[in-house]
Amino acid sequence: GRRHQDMFYPDLSGVARSHNFYPLGGMKPEDGLICPALGLGKTVVEGGRCLRFSPTNPSSIFRLFTPRDYLNNAQRELYALDLSTPGPSPDNLPRPDGNLILCDMNIAREHGTFNAVGQVYSMVDRSLHPPDHKPGVGLVTFASLFNDSAFRLNDALSYLLAVGKAGMSGPVEIEWAASLVPGADGRLELSLLQIRPMVIDQGNANLDLDLIQPEDAICLTSSALGHGAFEGIFDIVLVRTDTFNRALTREIAEEIGEINDVLKVQGRRCLLIGPGRWGSTDPRLGIPVLWSQISQAACIVETELKDLKVAPSQGSHFFQNMTSLGVGYFSAHDDTPRAHLDRHFLLAAPSAVVEQTHFVRLLRFSQPLDIAIDGRSGIGVVMKPGLRAPRW
């Protein structure tokens, strides 16, 4: 990094992985993932707001994101080291994070580090402008980075991922930092901080779709995002099909939030099942829940809307939260290859209903649900209570 007035931080930092458990927009898991941020890498490693793109096709992120998506998901703050007060804290007690501080983006604009990686969102015309545009919200979009071939950051990280994967005989994860070299025409100085193997077998999620009997599963799909086994799930929050009304999805979101509050007090996680796009900004296309309303969901399942053909969400507004929180995602749309959802089982379990509102039903089983996603193949399964999916 470099010193900027009384602060020290790198112009860029982040993580690069040679396997991506949340591939979107035509990406493949084996294409990998790069997550950059402005300032220290704490933003990335702790699941903060940051850009995520595939090293094989970095510009594809701009086809997925709208200016509004950037406003909702792009980085607005950065971590730095405070050099103005070295030594112990005023009360002479050590601070847990030492001199690490979280700053708003105006600091980066003062330091001049924002211009290379940011854009400004204007509330007037709801669009993105160059970083020298004064009024608006400063967002880290890395647009200039992708448009300037002199950076070559993606090429360098792709090379390091390939070397690491070959040297460690498997997928790797790299922590890195970079600084703009003053007076070097925008050239970056890249530092490799750490490289380690990725543990992708964690959670015993090696699933074989051919070995799973559909009648044993509540949900089965070959289009799932995430990776691993989700343990200790006894509850299902189910949007009722008999009362569902596409014109009342905001009310449905409120009822889901009420049940989520109950689960939060009880310390219980759940599987969430409902039609359309979860978290949709357009309430006609799905249920516009906030993440605070579904915070107890370990996995979410999207099903078909009866009267409207809607593509599975897998969109930028949900992508940020799914990846940072490790939430599993199942697409159970009728046209999803080899997708299966046992609606009859869900409707024929009245004894499992512990709470019911006009639009939502909370099911609780005496035995846990075996939920697993194989992030390498995209296979995901939710087994019926007490049953276990065959692994290899």
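Is Asp370 buried or exposed in this structure? Asp370 is buried, with a relative accessible area of 9%; buried means under 20% relative accessible area, exposed over 50%, and partly exposed in between (1.4 Å probe, protein chains only).

The model is predicted, so local features need pLDDT of at least 70 and side-chain atom pairs count only at pLDDT 80 or more, while totals for chains, interfaces and linings use all residues. Residues are numbered from 1 along each chain as its sequence is written, and side-chain values use heavy atoms, without hydrogens and water.

**Salt bridges**

A salt bridge is a side-chain nitrogen of Lys or Arg within 4 Å of a carboxyl oxygen of Asp or Glu. By this rule, the count is 10 salt bridges. The table gives examples.

| Pair | N to O distance |
|---|---|
| Arg2 and Asp11 | 3.2 Å |
| Lys384 and Asp342 | 2.9 Å |
| Arg388 and Asp370 | 3.7 Å |

Asp11 is buried, with a relative accessible area of 2%, whereas Arg2 is partly exposed at 27%. Both Lys384 and Asp342 are buried.

**Nonpolar core**

A nonpolar core is a set of buried Ala, Val, Leu, Ile, Met, Phe, Trp, Tyr and Cys residues joined through side-chain atoms within 4.5 Å. The largest one has 37 residues, and Leu12, Leu38 and Trp176 have the most contacts inside it. Strand 10 (residues 172-180) gives the most to this core, with five residues; strands (E, at least two residues) are DSSP runs, numbered from the N terminus. Another core, of 26 residues, lies apart from it and includes Tyr22, Cys270, Trp291 and Tyr329.

Methods. Helix = DSSP H or I, 4+ residues; strand = E, 2+ residues; numbered from the N terminus.
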